[in-house]
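Let's take a friendly walk through this structure, chain by chain. Have the sequence and the 3D view open as you read.

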Amino acid sequence: MNIALPLKHWDLFAWGVLTTLELTALALVVGFLISLPCALSLNRASKLNPLIQGYVYLFRGTPLLVQTYIIYYGLAQFDFIRDSWSWVILKEAWWCALIAFSLNSGAYQAEILRGAIQTTPRGEIEGGKALGLSMRQITWLCVLPSSLRRALPQYGNEVVFMLHGSVVASVITIQDILGAGRTLNGKYYVAYEGFLTAAVLYMTITFILVRIFRQVEKHYLRHLVRSPDAVKVPAVPGLPQVT
Amino acid sequence: MKRISAIAAATAALFAGQAIAADLNICVEGAYPPFSETTSSGDIVGFDIDIANALCAEMGKSCEMVQSDWDGIIPALLEHKCDAIIASMSITEDRMKVIDFTNKYYNTPARFIGAKDAGLTDTPEGLKGKVVGVQRGTIHQDFMESEFPDVELKLYGTQDEAYLDLQAGRIDAVMADSVAMDEGFLKTDNGKGFAFFGKGYSIPKYHGEGAGIGIRKGEEDLKKAFNAAIDKIRASGQYKKINDKYFNVDIYGG
Amino acid sequence: MFTVIEYAPLLGRGALVTISVAVLSLVLATGLGVLGAAAKLSKRGLWRSVGMGYTTIVRGIPDLVLILLIYFGGQRLVNDIGSTLGFDYIEVSKFWAGVISIGFIYGAYLSETFRGAYLTVPRGQAEAAQALGMKTIATLWKVLVPQILRFALPGYSNVWMVLVKSTAVVSVIGLSDLVGLADKAGKSTRQQFWFYLAVLLAYLFITIISEHLLKRLDKRVNRGIPA
C-alpha cells in the first residue's frame, strides 16, 4: 500500500470531499422540504395521499443506484426531453444526482416525519386546543417541533445513510470521494490505494457526523424520560426504518 | 456429522469450480466495439478475441476469456485473475512500470469526433469552453490532460458510455482510437450526424508503439511465445483474415 | 419500448443472480450477526471491543467502497495467504466479493438486532428453565431462541428489505446481475429508460413479496401471545 500516492494527490481528494458533502447536504435539505408537506398530508385524509404513498413506496422500495441511472441515462434517451427546457438541468450529472438523491431522501424523511407526527402524545394536542390555538397553529407550534425532536435519532441515521448513498454519484461521472479514488487508481494502475483512501475519508466524515448528532440529541432530548418497562425492541441503529 | 461433511464438500466443489481449467486466462473488456463487445447472450466477441484465439492456437494452448472492466484490468492481471491482457491496451512507459508488454499487434492513430455541424477544431483555442469525453485510465486521458489542459474533461468507465453522452449532447467531443470510433460508432446508426475532426495523433509519448498484449513482469517465456505467435499469424495470413473481417484497412501499422 | 420484453430471459437470469446474492448475503449476515451479538454480550471486554469495532467500521464505509475493496484488495489478500500457505490460486469472483461485502455489512446491523432481542427476553425465562434443571444448551435452544426470534423479526425484516436493495450496487464491479445486465443491454440498444424501469418494477415486486411473506411470518411467530 503506497501512501505517497494519495498524499501526492490530496487536492483530488479534497475536491472529492467537497463535492460529496455538498451533494449530501443539499439532498438532505431538499429532501426535507419535500418530506414536510408529504408527511403533513399523510396524517390527514387528503386526496393527494394515494399519490404521495405511491411516491414514498416507489422511492423506498427500489435501489438508489437504479433511481439515479434512470434520471441520468434513462431520461436522456428521449428526444423530446433533450429538446425541452428541462435538458439544461438534466444534461448535468450533478443535477441529475441531486434530483435522484433528493427524491430518495424525501421519501425516507416523509416516512420518518409521518411516524413521528403520528406518535405525538395526545396531551400535547389537547393542551394546544385548551389554549385556544387553531389546528394550524397547533401543527406548527406544538406538533412539528415535538415530532422533529422525537425523530432526531432517525434523522441522524438518514444523514449517514445519505452520505453513504452519495457514492452512487461517482458512477455517473461525478468526481466525489470515490470518483477521486477511482481516478487515482486509473492513473497508477493500482487496485486499492484509491479505494482505501476513500474508505478512510468516508469513515472519518461518518464518525464526525455521528458525534455531532449525538451531541444534538443529548441537548434536545434531555427532557425525555424513558419508561423502564418498555418492552419495545430498539430499532436497528444506523438503518432507516423500512418496515 | 454427515451434514457438515456434505456442506464442506459442496463448498470445496464451489471453489474448485472457480479454479482455472484452461492453460491461459486472457483478460478482455467487452465494451470497446469492434475490438471487443458483449453480445445479448453475454458472450464476448471482437477483433481482440479473434486475435487471442488465433495466438493461442499457434502456441498450442487452450485459452479462456475473462471479462474485466477497464478500471480493474491491470490489477486483475497482477492478481492472477488472468495471465495476459488482450484488450487494445497501448504500450506506454507508465504502464511498463507496472506490467510488461509483448510486441504490438496493431497500431492506429487517435482522433477527435464531434457533431458534423459543430465546426470544432482540434486546437486548444478551438476546444476552449467545450467538454471532451475520454475513457478513464486510457492514453487518451493522458493526452488530453497534457496537450489540452484547459479543456473540461469528462471521464467514463467505458467507451460506450462516452458515445452515449456524446449523442445526448452532454459532451461536445470524444477523443479515442480512430478505428474503434469509426467502426464502433460512426458507421453505426447511433453515429449518424457525427464525424472526425482534426488530424490523427500518433505521438509515441502518449500513444506508445501501438496496442500490445499485457503480461506480468518476469514472464519472459510467455512474452517470447506470444511474440513468436504474432509473427507467425502475420506471416501465415491469419492476421489479415481477422483484420479484414472487421476493417477496410490494415491496422497493424508501419 | 418492447425491446425490453425481448430481453426478458436475459433479465430473468440477472434477477436470479441478484436474488442469490441477496439470500447468500443474508445467510452470511445472520451468522456474523449471531457472532457479533455474542461478542457484544460477552463478559470479556476484549470481545465487546471487537464487536463494537466491527459495527463502527461497517457503519463508516459505504457499501460500494467496501465491495470495491474486497473485490480488488481481497484478491491480493487471498493470493498472499495462498502463497504463504501453499494453496493454488483461488479466485475471488465478483459474485463472492459481493456476497462477502454485503454479508459483512449487514452482519453488523444484525448483531445489534440480535443483541437487542436477546436483552428483551425477560431474565425470568432463563432462570425458570434453570430451576427446572434444564442444561444450558437446552435452555438456549428451547426457551431463549424462539423468543429471541420473535423479538428480532422486525429488525431482521428491516435488514432484509435494505439488503435486497443494496445488492444493486454489486453491478458496479461488473457482476451480471439484474441491474448490470439491464444497464449494459439498455445502453447498447439505446433503450435505457425502459430497461431501468423494468428493474425498478422488479425490485418493487421483490419488495411486495418480501413484505407479504414477512407479515405472515410475523403473525406465526407471534401466535399465542396476548396482544
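How much of chain A counts as buried? Of its 243 residues, 52% are buried, where buried means under 20% relative accessible area, exposed means over 50%, and partly exposed lies in between (1.4 Å probe, protein chains only).

## Ground rules

This is a predicted model, in which local features need pLDDT of at least 70, side-chain atom pairs count only at pLDDT 80 or more, and totals for chains, interfaces and linings use all residues; side-chain values use heavy atoms, with hydrogens and water left out. Residues are numbered from 1 along each chain as its sequence is written, while chains are lettered from A and ligands numbered from 1 in the order in which they are written.

## Chain A as a whole

Chain A has 12 helices and 0 strands; helices (H or I, at least four residues) and strands (E, at least two) are DSSP runs, numbered from the N terminus. The C-alpha atoms of chain A occupy a box of roughly 70 × 50 × 30 Å along the principal axes. If we take the contacts in chain A between residues at least 6 apart in sequence, 77% of them join residues at least 24 apart, a contact being heavy atoms within 4.5 Å.

Chain A carries 20 positive and 13 negative side chains, and the centres of the two sets lie 8 Å apart. Here Lys and Arg count as positive and Asp and Glu as negative, with His and the chain ends not counted; each charge is placed at NZ of Lys, CZ of Arg, CG of Asp or CD of Glu.

Helix α10 of chain A covers residues 152-165, and its 14 residues reach 20 Å from first C-alpha to last, close to the 20 Å expected at 1.5 Å a residue. That expected span is 1.5 Å times one less than the number of residues. α10(A) is mostly covered, with 11 of its 14 residues buried; among them are A:Leu152, A:Tyr155, A:Glu158 and A:His164. What do the buried residues of α10(A) pack against? Their partners are α2 (10-42), α4 (64-74), α7, α9 (135-150) and α12 (193-220) of chain A, together with α3 (45-60) of chain C.

In the loop between α10 and α11 (177-188) of chain A sits A:Thr173. This residue has a positive phi of about 75° although it is not a glycine, and A:Thr173 is buried at a relative accessible area of 16%. A:Gly115 belongs to helix α7 (residues 93-118) of chain A and is partly exposed, with a relative accessible area of 24%. Its C-alpha atom is separated by 33 Å from that of A:Ala199, 84 residues apart along the chain.

## Chain B

Chain B averages a pLDDT of 85, and 91% of the residues score at least 70; pLDDT is the predictor's confidence in each residue, from 0 to 100. Over residues 12-20 of chain B, pLDDT stays under 50, and the model has 7 contacts beyond four places in sequence for them. Where pLDDT is low, the predicted coordinates should not be read in detail.

Helix α2 of chain B (residues 47-59) has 13 residues and reaches 18 Å from its first C-alpha to its last, close to the 18 Å expected at 1.5 Å a residue. Because 10 of the 13 residues of α2(B) are buried, this helix is largely enclosed by the rest of the structure; B:Phe47, B:Ile51 and B:Met59 are among the buried ones. B:Gly60 follows α2(B) and has a positive phi, near 70°. Elsewhere, B:Pro33 and B:Pro34 are joined by a cis peptide bond with omega about -5°, and B:Pro34 lies in the loop between β2 (31-32) and β3 (36-38) of chain B. B:Ser88, in strand β6 (residues 84-90) of chain B, has a positive phi of about 55° although it is not a glycine, and counts as buried at 10% relative accessibility.

## Chain C

Chain C has 9 helices and 0 strands, and its C-alpha trace spans about 70 × 55 × 30 Å along the principal axes. Of the 227 residues in chain C, 53% are buried. The accessible surface of chain C comes to about 11200 Å², of which 69% belongs to carbon and sulfur atoms. Chain C has 22 positive and 11 negative charges, whose mean positions are 11 Å apart.

Notes. Areas by Shrake-Rupley, 256 points an atom, 1.4 Å probe, with all protein chains shown as cover.
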